[in-house]
Amino acid sequence: MIRIERRLEQPGWLNVAVPVGSLVLAFGLSALVLVATGHDPLQTFRRLIHAAFGGQAQLTETVVSATPLAFTGLCAAVAFRMQLFNIGGEGQLYMGAIAAAAAALLLHSLPMAIVIAAMVLAGAAGGGLYALVPGFLRAFLKTNEIITSLMLNYAAALILNYLIFDSQSYWRDTTTAEAKVFPQGKMLPDSAAWPSWTLHGLGLPLGFLLAIGLAATLWFLFSRTRFGFEVKVIGDSPRAATYAGMRTRRKILAVMALSGAVAGVGGASQDGDFRHLLDPRGLQQASYGYAGIVIAALARYNPFAVVLIAFLLGGVQNAGFTLQGADFPSGLVGVMQGLILFSALGCELLVRYRIRLASRARRPVPEAAT
Amino acid sequence: MNNSILVVVLASAVLYGTPLLFAALGELLAERSGVLNLGVEGMMLVGAVMGFWAVQRTSSLALALVVAAIAGGAMALIHAFLVVTLRANQIVSGLALTIFAGAAGLSSYLGNDLNLADQPAKRIFHSVLPKSLRDLPVIGPILFNQSLLVYGSWVVVIVVVLYLRRTRPGLNVRAVGESPAAADAMGINVTVYRYVHTVVGGALAGIGGACFSLSITPQWVDGLTSGAGWIAIALVIFAFWRPGLVLIGAYFFGAFSALPYTLQAHGVTIAPELLQSLPYVMTVLALVLVSSAGAKRRLGAPAALGLPYVREER
């Protein structure tokens, strides 16, 4: 007989055991999917791990893939902690990329430090303002933020396409004859190319370091300030928060704006670190927003864990791009991400509940009460 | 007259509204039992790809629909296991289902692995009624120049209405969605009811997905449904959880989904992105409208929607 009982205290080791267990379980389930469709799972995983973490070149590429995921993971973690399900990280990242590219093009003649600072600020503003749309609707009209933020992802993708493919916008390169036939974004000025550093052969782009810095800031904000405390209370019990006089509406707006701003900086990093132009196809091909949700859930909303897990899942995504082909079907990365999230959810049961295996006969029979 | 733009738009509103109708009815059944399933987009895509695979293999449309329904139901079963048995957070589990099955997940994996891209469907759903009916002015193209999928969806609406209003299990499922503890005390098996309605909901979503791959755009491409699953979820809220209103809402959103294609065919030169964003923007606006009106009176949402039921903790 299996009995599920609520835990009164949550032991600390579960914070490590659950994510690790989820990853192991998810790899096992992915192996099942691979076997069921006639692939050799061991071979596939070996190639995947080699392509993701096999050497300095692979690790450097993994950091490139992990950088946007760290931002969207932090974006989801910030909002989900307050039970505010912002799944618009994808669209907020696009808007951040659009705003940061505009800033870089406008300020091209200024010194590099100013241009980079302006891009980060513009990206944060673009993402934050875009996230305020569902935030405002949720705070004042109680509109379901899940659906509105998701619908705005599709709208942001269309805006991105419109700016480059179907208009003569400020972002589009219209100087050469070739660019008129094959539309693409204007190259950003050299002063907008973000620096990167090399540590023992491992490339570390500014964006990744920025993500680590943001994670530290968010950790401080959520665990050491009154703001973070109130956010947690509102997330756990909105009623208790209202009785205690916390301003729920303001917090919804602030958290949504913060969450969107983080994703927006991720968009700025895409422009400055990697793409150096506004690139609609490149931005849309990886579904950073969804992966961010997986990362946030697996990290149990801890900002530092988000960066670590973004690195792991960045490896999977990087391997997916490298290996894509006949014996590595394109959807495998999404399948694995979904299975990781399923496993994390299933294992979460172990955090909240204790599973007892007890035979009925051996349990002491309580005395009759009457 | 039957070529006038209004008639064409209305006729394609019915065509494009049908997958929304199937998926939203499925979601409505699940939500009425208290299970919120945000994985509709994923279930639709897996239904679409498996239905398409079945028609390529067997050339049988009936079999294709069955396969699509089973595929959608199987996806829903994962969600049901997680949220009913393991008491996981329904929102996150639904999102996980969308990621697992969605445009960059299992549906893409299967389409890729079964080599389904770049080929036309071997058979598709055609209009079935005689030409004399189809040529009737105005109502001909809108109501009679449609495929069996459309008429089938009307049957499903009627069945769902009668089931919820007039049958014992229908009454029970409403009880489970409103107050599982009371239902449990009445001797209703909450777990079974939630499992069954979630899985049937998934099967309907799978059929909804197959409407795309077997009728509207008869081929397979990744992300074929482009957000229809999410619009279906919004539709349930928009329709106050009532199947009759879902029918009207589905055609309303169907019209906006169809508009870009029909207007382009009529030589209207507005930026296509502007028109393509209409269904998404309208969904947001519709939700705003409903939530501002609904804040004043009760919306009709099942009271236990999204909450796990744990007998020991009631």
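The buried residues of helix 9 of chain B pack against helix 1 (5-32), helix 10 (180-185) and helix 11 (190-216) of that chain. This is a predicted model, so local features need pLDDT of at least 70 and side-chain atom pairs count only at pLDDT 80 or more, while totals for chains, interfaces and linings use all residues. Residues are numbered from 1 along each chain as its sequence is written, and chains are lettered from A and ligands numbered from 1 in the order in which they are written.

**A few terms first**

- Helices (H or I, at least four residues) and strands (E, at least two) are DSSP runs, numbered from the N terminus.
- A residue is buried if 20 or more other C-beta atoms lie within 10 Å of its own, exposed if 12 or fewer, and partly exposed in between, with C-beta atoms placed from the backbone.
- Residues are in contact, or touch, if their C-beta atoms, placed from the backbone, lie within 7 Å.

**Chain B as a whole**

- What is chain B built from? It has 15 helices and 0 strands.
- A compact globule of 314 residues would have a radius of gyration near 20 Å, and chain B agrees with its 19 Å. That radius is taken over C-alpha atoms, and the globule rule is 2.2 Å times the number of residues to the power 0.38.
- Along the principal axes, the C-alpha atoms of chain B fill a box of roughly 60 × 45 × 40 Å.
- Of the 314 residues in chain B, 54% are buried.
- Take the contacts in chain B between residues at least 6 apart in sequence: 79% of them join residues at least 24 apart.

- Helix 2 (residues 40-58) of chain B has 19 residues and reaches 26 Å from first C-alpha to last, close to the 27 Å expected at 1.5 Å a residue. The expected span is 1.5 Å times one less than the number of residues.
- Why call helix 2 of chain B largely enclosed by the rest of the structure? Because 16 of its 19 residues are buried.
- Just after helix 2 of chain B comes B:Ser59, with a positive phi of about 55 degrees.
- Helix 3 of chain B has 25 residues and reaches 35 Å from its first C-alpha to its last, close to the 36 Å expected.
- B:Arg87 follows helix 3 of chain B and has a positive phi too, near 55 degrees.
- Back to helix 9 (residues 168-178) of chain B: its buried residues are B:Val173, B:Ala175, B:Val176 and B:Gly177.

**Where the chains meet**

- 43 residues of chain B are in contact with 41 residues of chain A.
- Several helices of chain B each supply at least two residues to the side that touches chain A, among them helix 3 (61-85), helix 4 (90-101) and helix 15 (278-294).
- That side of chain B divides into 27 nonpolar, 13 polar and 3 charged residues. Here Ala, Val, Leu, Ile, Met, Phe, Trp, Tyr, Cys and Pro count as nonpolar, Asp, Glu, Lys and Arg as charged, and the others, Gly among them, as polar.

**Nonpolar cores**

- A nonpolar core is a set of buried Ala, Val, Leu, Ile, Met, Phe, Trp, Tyr and Cys residues joined through C-beta atoms within 7 Å.
- The largest core has 223 residues, and those touching the most other members include A:Leu74, A:Ile295, B:Ala24 and B:Leu235.
- Helix 1 of chain B gives this core its largest share, 15 residues.
- A second, separate core of 6 residues includes B:Val173, B:Ala175, B:Val176 and B:Tyr193.
- Not counting residues up to four places away in sequence, A:Ile295 touches A:Leu69, A:Gly73, A:Val306, A:Ile309, A:Ala310 and A:Leu313.

**Spots to find in chain A**

- A:Ala319 is in helix 14 (residues 303-323) of chain A, and it counts as buried because it has 27 C-beta neighbours inside 10 Å.
- How many residues apart along the chain are A:Ala319 and A:Gln58? The answer is 261, yet their C-alpha atoms are separated by 8.6 Å.
- Strand 2 (residues 196-199) and strand 3 (residues 202-205) of chain A pair in the antiparallel sense over 4 bridges. Strands pair if DSSP finds at least two bridges between them.
- Within this pair, A:Thr198 has A:Gly203 in strand 3 of chain A as its bridge partner.
- The hairpin has 2 residues between the strands, and A:His200 takes a positive phi near 50 degrees there.

Terms used:
Two residues are in contact if their C-beta atoms, placed from the backbone, lie within 7 Å.
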